[in-house]
Amino acid sequence: MAADRPVAGPAGLADERVDHRFKALPPDAEGLTVGALAAERRNLFTGGFTTPVLALSAESVEHNLALLETYARRHGLVFAPHGKTSMSPQLFARQLEHGAWGITAAVPHQARVYRAYGIQRIFLANELVDATALRWLAGELDADPGFRFVCYVDSVRGVELMDEALRAARASRPVDVVVELGAGEGARTGARTEADCAAVADAVAAAGSLRLVGVAGYEGEVPQATGERVRDWLRRLVVLAAAFDAQGRFAALDAGEQIVISAGGSAWFDAVADVFAGIPELSSPVCKLLRSGAYVSHDDGHYRHLTPFNRVPEEGALQPAFRLWAQVVSRPTPEQAFLNAGKRDAAYDLDLPQAQVVRSGRDGSVRAATGIEVTKLSDQHAWVGTEEGTGLEVGDWVGMGLSHPCTSFDKWQLIPLVQADGTVTDYIRTFF
């Protein structure tokens, strides 16, 4: 995607009308379609936008999309980025254009959004035992022979519930499942031992409505994670897949169909690449499936510190794409200022926003936010501490970096995609 053209997205989104539902958009754009507003190529700072306004860098998004595509190809990985990060069909479309196998989901609602916008491969990195959701899934699979769906199983009871619901729905196609290996005691979901995994696999084999296609898990939940502990767990996952294969547990796969081995959040995908490179030859080809999602926007906090690219700088570097702009609305003392953005607008679950730049309310000049620090958030205010000589005034715009993409996207339904010069080229629709 060139930075000067809109994100290619699913049909229909550009036809949605701009109105009061969407924060920060210019009041005089009321009634325009999103596509028509994008075609005007307004400037974020002079085009009538109100503060606070969240902006997504067009150049950084493109850079990040290309970087993970290159990384996955270099390491022989297939990737299904986790869509919960953005819940944006436009970004899903760009990820697929950049080589993604499909899109990962966590809950049924997300899968429904994906299907509404034509996603043909969904990996649900969670257990699915909701009878209503399974009835919907059966209908989707029956209606579309090209639709591929895979989800976790980690208990015999869960398998029984799935089988009961799918049989009641008269599903004509089996649901593909992978046994989830838990990351350790005290971790999140997943069968805790190899014996537990085998029992779950036996239950799948006995259930006519399910088909075992692989194994999976989430290394980000390894207790007290270090590179070696994560690799040890990943090796267990690979050994489990090989054992299942040797036992004939993937016999339901068609000739040439791939065995799925999946792991990989946004913090340890270098370890996944290392261990998965050593997967032995199995009876069928292997789909080495990575699921990192935060890379598309990256951030200025949590993932900036955790990204594997810090450990392998020769592979490249992600770029933070978010900047939240808010206005100084109060300057009660020389040491304190208040901005009109707070918890309703900014991610705050991991780190506070970081003041990065100031745009003068007088002449539009931009300078570094030296001596300016966000110290606290209220619902609609950022508390800012200021050192002597910052020159911060009521009316100035402060641009802030954010930490944690997942809780940045979910506060905004329509996010301007902005070039470095402030030109808004498109609007990213989210569905949370």
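Trainee: What makes E8 and E9 a pair in this predicted model?

Mentor: Strand E8 (residues 259-263) and E9 share five bridges in the parallel sense. Pairing asks for at least two bridges, so they qualify. As an example of who faces whom, Ile-259 stands opposite Val-286 in E9.

Trainee: How does the chain get from E8 to E9?

Mentor: Through helix H9 (residues 269-276), in a β-α-β crossover that is right-handed.

Trainee: And what makes E2 and E9 count as paired?

Mentor: Two bridges join E2 to E9, and they run parallel. The rule is at least two, so that is enough. Val-78 has Leu-289 as its bridge partner in E9.

Trainee: How do you know that E9 is mostly covered?

Mentor: Strand E9 covers residues 286-290, and four of its five residues are buried. Buried here means under 20% relative accessible area.

Trainee: Which strands make up the sheet, and in what order?

Mentor: Eight strands, running E2-E9-E8-E7-E6-E5-E4-E3, with parallel pairing, and the sheet is open.

Trainee: Why are E2 and E3 said to stand at the edges?

Mentor: Strand E2 (78-79) and strand E3 (103-105) each have a single partner strand, so one side of each is left without a neighbour in the sheet. For E3, look at strand E4 (residues 121-127): the two pair in the parallel sense over three bridges. Within E4, Leu-124 is the bridge partner of Ala-105.

Trainee: One more. Why is Gly-399 called buried?

Mentor: Its relative accessible area is 0%. The cut-off is under 20%, so Gly-399 is buried. You'll find Gly-399 in strand E16 (residues 397-401).

Trainee: What does Gly-399 touch, leaving out residues up to four places away in sequence?

Mentor: Arg-323, Leu-324, Trp-325, Gln-354, Ala-355, Gln-356 and Val-357.

Trainee: And where does Val-366 sit relative to Gly-399?

Mentor: Val-366 and Gly-399 are 33 residues apart along the chain, and their C-alpha atoms are separated by 9.9 Å.

Technical notes: Residues numbered from 1 in each chain as written. Predicted model: local features only at pLDDT ≥ 70, side-chain atom pairs only at ≥ 80, totals over all residues. Heavy atoms only, no water. Buried < 20%, exposed > 50% of the residue type's maximum accessible area, 1.4 Å probe, protein only. Right-handed = clockwise from strand over helix to strand, strands pointing away. Contact = heavy atoms within 4.5 Å.
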